[in-house]
Amino acid sequence: MNELLSFLAKNGKILIADTNSVARTAVANILISMGVKSSQLILVANYEQAEKEIENHKPKIVISDYDLGRRCGLDLLQKNREKNSTSKETLFFLITANASQ
């Protein structure tokens with residue numbers, strides 16, 4: 001997994017979207033410990049910020065919490081797929097700490 005992540009993230013951006021700042025930071029620290037440069041990371045707190053940063057930076061990897069406030073990470077994935085013809089080159093991970101989701 002470490003080699004795959006390194007390959008996908010090489011010279012590319014990784015977006016981390018989570019409403020919980022502790023969770024965002026924890027994911028970022030895990031990626032840094034795996035060799036990702038902090039300059040490659042974009043951390044956002046909600047759906048709107050994630051949508052804007054995806055548009056601006058076209059990250060190679062998006063790690064999104066399922067719950068992003070008024071919208072969810074699945075909406076973010078679907079909207080990105082609809083808007084961007086190259087979106088299938090972006091690897092999306094949906095995560096959650098809520099066992100009921």
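Predicted model: local features only at pLDDT ≥ 70, side-chain atom pairs only at ≥ 80, totals over all residues.
Q: How many helices and strands does the protein have?
A: Helices (H or I, at least four residues) and strands (E, at least two) are DSSP runs, numbered from the N terminus. Here there are four helices and six strands, and along the sequence they follow the pattern α-β-α-β-α-β-β-β-α-β. Taking a contact as heavy atoms within 4.5 Å, residues 24 or more positions apart account for 68% of the contacts in the protein with a separation of 6 or more.

Q: Which residues of helix α3 are buried?
A: An α-helix has 3.6 residues a turn, so residues three or four places apart point the same way. In α3, which spans residues 47–57, the buried residues are Tyr47, Ala50, Glu53 and Ile54. Seen down the axis of α3, these residues fall within an arc of 130° and so line one face of the helix, where the arc is that of the directions from the helix axis to the C-beta atoms. At the start of α3, a side-chain oxygen of Asn46 comes to within 3.2 Å of the backbone nitrogen of Glu48; a polar contact is a pair of N or O atoms within 3.5 Å, of which, within protein, one must be able to donate a hydrogen and the other to accept it, while residues adjacent in sequence count only if both atoms are side-chain atoms. After α3 comes Lys58, whose phi is positive, near 45°.

Q: Which residues of α4 are buried?
A: In α4 the buried residues are Gly73, Leu76, Leu77 and Asn80. They cover an arc of only 100° around the axis, which puts them on the same side of α4. The buried residues of α4 pack against α3, β3 (61–65), β4, β5 and β6 (91–95).

Q: Which residues make up the largest nonpolar core?
A: In soluble globular proteins, nonpolar side chains tend to be buried together. A nonpolar core is a set of buried Ala, Val, Leu, Ile, Met, Phe, Trp, Tyr and Cys residues joined through side-chain atoms within 4.5 Å. The largest one here has twelve residues, namely Leu15, Ala17, Ile42, Val44, Tyr47, Ala50, Ile54, Val62, Leu68, Leu76, Leu77 and Phe92. Two or more of its residues come from each of β1 (14–17), β2 (41–44), α3 and α4 (73–83), and α3 gives the most, with three. Apart from this core lies another, of nine residues, among them Val27, Leu31, Val36 and Ile63. Leaving aside its neighbours within four places in sequence, Ala17 is in contact with Val44, Ala50, Ile63, Ser64, Asp65 and Leu68.

Q: How many salt bridges does the count come to?
A: A salt bridge is a side-chain nitrogen of Lys or Arg within 4 Å of a carboxyl oxygen of Asp or Glu, and by this rule the count comes to three. Glu48 pairs with Arg70, the closest N and O atoms being 2.9 Å apart; this pair links distant parts of the chain, with Glu48 in helix α3 and Arg70 in the loop between β4 (67–68) and β5 (71–72), 22 residues apart. Glu48 is partly exposed, with a relative accessible area of 37%, whereas Arg70 is exposed, at 77%. Glu51 forms a salt bridge with Lys79, with closest N and O atoms 2.7 Å apart, and this pair links helix α3 to helix α4 across 28 residues. Glu51 is partly exposed at 21%, and Lys79 counts as partly exposed at 30%. Asp75 forms a salt bridge with Arg71, the closest N and O atoms being 3.4 Å apart; Asp75 is partly exposed at 25%, and Arg71 counts as partly exposed at 34%.

Q: Where is Gln40 found, and is Gln40 buried or exposed?
A: Gln40 is found in the loop between α2 (21–33) and β2, and is buried, with a relative accessible area of 11%. A polar atom of the Gln40 side chain lies 2.8 Å from the backbone oxygen of Gly12.

Technical notes
Residues numbered from 1 in each chain as written. Heavy atoms only, no water. Buried < 20%, exposed > 50% of the residue type's maximum accessible area, 1.4 Å probe, protein only.
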